[in-house]
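My entries follow in the order I made them.

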Amino acid sequence: MIELRSETIWFDQRKFEEAESHYQRSLVSKGDTVQSPPRSSIVDQIAKARETIKQTLEQEKGSDESCVSGVGQRLGNLEKENQQLKEAIRNIQASLTKLEERVANIEITKGGEAPTSNAKTEPVKTESKDVDDEDDSDDDLFGSSDEEEKERIKQIRIQQYTEKKAKKAPVIAKSNIILDVKPWSDETDMAKLEECVRSVTLDGLVWGKSKLVPVGYGIRKLAITCVVEDDKVGTDDLEEAITKFEEHIQSVDVAAFNKV
């Protein structure tokens, strides 16, 4: 106990504190000390920075997902429109096939009536011949001369009809076709695309009017008309010749097909 009382460190604490304070003031006056920010403010700043980074990443992720969904929707719409166009073309082709069959049947029917229409006049002439022959008692009693005369007149009529038909100029079958030419994207040069299409030259092919038709999402297709001779040019020949320009043309579809 006597030793502790003789120690002065505890009783001189105030002197040490005043010396420490005096030393700190001297450092401040000389500019040697650097005040560091409190620990709590640094932690708050780090937390705010982390929150900002998290929000930025979430926004970028959401924008990427929206872009992907938008592209998928555009592709789905284009595929749907393509299927609808193909279905319409199939219906048109089926209707045209039926129409061609009806026209062919009508032409066959008309061609078969020509000789019979001429043959209708034959009985009148034979009847007059019979009237004239009534005065001749020496004629064949079995009517063989009448049958020969009918056959001779029939052959004459058929020969006259054949010669008349041969003199007529042959009819050249032609068709009016509307083609839908689709580009790869909305950035395709449509003027260059049309130039490539019109550069196709075939014997019996004549190009007509054209126009640009909106498809969707800024994409336009070229609708162009042409007249072809059926015996010389087919739709397969046209599609093969046009699709060679792969840089500008994605596909070619027949939108309409009519006989001229």
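This is a predicted model: local features need pLDDT of at least 70, side-chain atom pairs count only at pLDDT 80 or more; totals for chains, interfaces and linings use all residues.

**Contacts of Ser175.** I started with the neighbours of Ser175. Leaving out residues up to four places away in sequence, Ser175 touches Cys226, Val227, Val228, Asp230, Phe257, Asn258, Lys259 and Val260. Contact here means heavy atoms within 4.5 Å.

**Ground rules.** Residues are numbered from 1 along each chain as its sequence is written, and side-chain values use heavy atoms, with hydrogens and water left out.

**More on Ser175.** Ser175 sits in strand 1, residues 174–183. Helices (H or I, at least four residues) and strands (E, at least two) are DSSP runs, numbered from the N terminus. I asked: is Ser175 buried or exposed? Ser175 counts as buried because its relative accessibility is 0%. The cut-offs are under 20% relative accessible area for buried, over 50% for exposed, and partly exposed in between, with a 1.4 Å probe and protein chains only. The side chains of Ser175 and Asp230 are joined by a polar contact of 2.6 Å. Such a contact is a pair of N or O atoms within 3.5 Å; within protein, one must be able to donate a hydrogen and the other to accept it, and residues adjacent in sequence count only if both atoms are side-chain atoms.

**Glu229.** I then moved to strand 3, which holds Glu229. Glu229 is buried because its relative accessible area is 18%. Not counting residues up to four places away in sequence, Glu229 touches Ile172, Ala173, Lys174 and Gly204.

**Tyr217.** I checked the loop between strand 2 (205–216) and strand 3 (219–229), where Tyr217 is found. Tyr217 is not a glycine, yet has a positive phi of about 60°. Tyr217 counts as partly exposed because its relative accessibility is 37%.

**Largest pocket.** I read off a volume of about 360 Å³ for the largest pocket. A pocket is an open set of points on a 1 Å grid over the protein atoms alone, where a 1.4 Å probe fits, with protein on both sides within 12 Å along at least five of seven lines; lining residues have an atom within 4 Å of a point. Its volume is the space filled by probe spheres set on the points. The lining has 18 residues, and Leu78, Asn82, Lys182, Val215 and Gln250 lie nearest the centre. Which element gives the most to this lining? Helix 3 does, with seven residues. The lining divides into nine nonpolar, three polar and six charged residues.

**Second largest pocket.** This pocket holds about 270 Å³ of space. Among the lining residues are Leu96, Glu100, Asp230, Asn258, Lys259 and Val260. Helix 3 supplies the largest share of this lining, six residues. I counted six nonpolar, one polar and five charged residues there.

**Whole chain.** The chain has seven helices and four strands. From the N terminus, the order is α-α-α-α-α-β-α-β-β-α-β. Of its 260 residues, 17% count as buried. Among contacts with a separation of 6 or more, 72% join residues 24 or more positions apart.

Note on methods: Ala, Val, Leu, Ile, Met, Phe, Trp, Tyr, Cys and Pro count as nonpolar, Asp, Glu, Lys and Arg as charged, and the others, Gly among them, as polar.
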